[in-house]
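Take a moment with the picture before reading on.

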Amino acid sequence: MLLTPVATIGRSTLAMLSGIGRIGLFFLATLAAMLRPPFYLREFGHALLTIGYNSLPVVGLTALFTGGALALQIFAGGSRFNAEEVVPSIVAIGMARELGPVLGGLMVAARVASSIAAEIGTMKVTEQIDALVTLSTDPMKYLTVPRVLAATLSVPLLVAVGDSIGIFGGYIVGTGRLGFNPAAYLKNTTDFLEVWDVTSGLIKGAVFGFLVALVGCYFGMNSGRGAQGVGRATKSAVVTASVLILAANYLLTELFFTA
Amino acid sequence: MIELRDVHKAFGANKVLRGVNLTIPKGESMVIIGGSGTGKSVLLKSILGLVHPDQGKILIDGHDAAKAEREAFLARFGMLFQGAALFDSLPVWHNVAFRLLRGKSRLARDEARDIAIEKLRRVGLKPQVADLFPAELSGGMQKRVGLARAIAADPEIIFFDEPTTGLDPIMSGVINDLIREIVVEMGATAMTITHDMSSVRAIADDVAMLHDGVIQWVGRVQDMDNSGDPYLNQFIHGRADGPIEAVR
Ligand SMILES: Nc1ncnc2c1ncn2[C@@H]1O[C@H](COP(=O)(O)OP(=O)(O)O)[C@@H](O)[C@H]1O
Ligand SMILES: [Mg+2]
């Protein structure tokens, strides 16, 4: 009896590990499918549009508000050390290295992992995946590869746009609310921001985009039967993608930190 | 020729196929009947390799289907799924022409589209339907688009999973004639699942009844009425009482 909670934790840990193992196998299958023709350009273009372009508003708004809030917080913290002038550079560094990719990735996870899982899951339960196979089309190549590639390429671009908008959000608050001189704010931003700050964030974005699409496709392809199965697949895709993004973010940050 | 030897398939505790033995001669039309949920769709999917049997062998022209080179193997088949299984992101004509647009002998888009429109006409659909999306069609129309897709590449072996379910009697007649025509004219081997006894009589050379995971009865369609098999009799006359339980 006393051990019941322990057993529950053990069971869910095992379930999680085997889940990660299965996603790992799916990852290998995706890579294998990527390397062999045919390549479906039309599907890829469509995925670029739905995953990348259509996520711009959400990612942009998220970055705008985050940049603004960040400026206020850093001002509040900085003023304790009479260091208010760090606001522009810390906003820029914070957005580029951490908040741009992480928040952008999470928004894409909410928007894209769910829609991929729901779409592919519905295809699975309505036998469309079976139909693809009978029409000599590999679902991994036709559905998974275009989405994974499109997300890997487009999320870094989204992050770059998000970074700029976030820095702009900080600029608006800094100059409008905190009394910074516009020219000084911009100079302070550019003087201290290094190329690696930005590229490390873009690398994170690529990894997060890859994870989001991979997880969305995985849960869609393995959806249970019926509407309930698709609902569950969608939920699992968003939760798993979000957790994986945060875990990967820590690992990447650790890696970049020592590098 | 398609041969199933002692095919078993279970989903968890649900033993669906329990030793199916069946032979479909080349160029013949075999109709599978049986109560809903008895595993008729699973049987077709096993032959195509969409479902992997737990036990048993499936031979196509004497070759083990499980060991066949997938692409070449599947190119010989056409399949109409029970729920039509149209791709909702593609217009109707692209659904029908899907196979024609890929693979080694792929056609140009215009050419594939023309063939698609011709196949749509054969299942009683107007050319205007070609540019609609599946979600804009009624269930019966979707079924016929699925049928057009199954026959688009003139396959040697065609599976029809409940081709006339959801169609009005006239359209059912059109589809029955079409299936018969495909077998007679193109010499295709057909396996059709249906609950509609008038379809059975119109389409079948041979009839097999699946019950309790095995083939309960198999024979020529003309022998169906005086088989003396109580299961078959109950089914073809649609009686509520008999050896087949109504609650399954
Ligand atoms: N992918 C699957 N997973 C679990 N159970 C399945 C699956 N496919 C079919 N079944 C079960 O197998 C049985 C037979 O299904 P099916 O072949 O679709 O019946 P029918 O004879 O009406 O076509 C049903 O009980 C169904 O629930
Ligand atoms: Mg069925």
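B:R113 has a relative accessible area of 23%, so this residue is partly exposed (buried is under 20%, exposed over 50% and partly exposed in between, with a 1.4 Å probe and protein chains only). B:R113 forms a salt bridge with B:D131 (a side-chain nitrogen of Lys or Arg within 4 Å of a carboxyl oxygen of Asp or Glu). The pair links distant parts of chain B, 18 residues apart: B:R113 sits in helix α4, and B:D131 in the loop between α4 (109-122) and α5 (139-151). Helices here are DSSP runs of H or I with at least four residues, and strands are runs of E with at least two, numbered from the N terminus. B:D131 is partly exposed too, at 44% relative accessibility.

Keep in mind that this is a predicted model, in which local features need pLDDT of at least 70 and side-chain atom pairs count only at pLDDT 80 or more, while totals for chains, interfaces and linings use all residues. Residues are numbered from 1 along each chain as its sequence is written, chains are lettered from A and ligands numbered from 1 in the order in which they are written, and side-chain values use heavy atoms, leaving out hydrogens and water.

Over all chains, the structure holds 21 salt bridges. Some of them are listed here:

| Pair | Closest N to O |
|---|---|
| B:D131 and B:R113 | 2.9 Å |
| B:R180 and B:D205 | 3.1 Å |

A:D197 lies in helix α8 (residues 195-221) and A:R97 in helix α4 (residues 87-125) of chain A, so their pair ties together parts 100 residues apart in sequence. A:D197 is buried at 3% relative accessibility, whereas A:R97 is partly exposed at 30%. In chain B, B:K26, B:D61, B:R76 and B:E156 are linked in a salt-bridge network.

Now for the two chains together. How many residues of chain A are in contact with chain B? There are 15, meeting 20 residues of chain B (contact means heavy atoms within 4.5 Å). Two salt bridges are counted between the chains, and helix α5 (residues 128-134) gives the most to chain A's side, with six residues.

Finally, the magnesium ion (ligand 2) is coordinated by B:S41 (OG) and B:Q82 (OE1), at 2.0 to 2.1 Å. Donors are N, O and S atoms within 2.8 Å of the metal (3.2 Å for Na, K and Ca), and sites may look incomplete because water is not among the atoms. B:S41 is buried at 18% relative accessibility, while B:Q82 is partly exposed at 34%.
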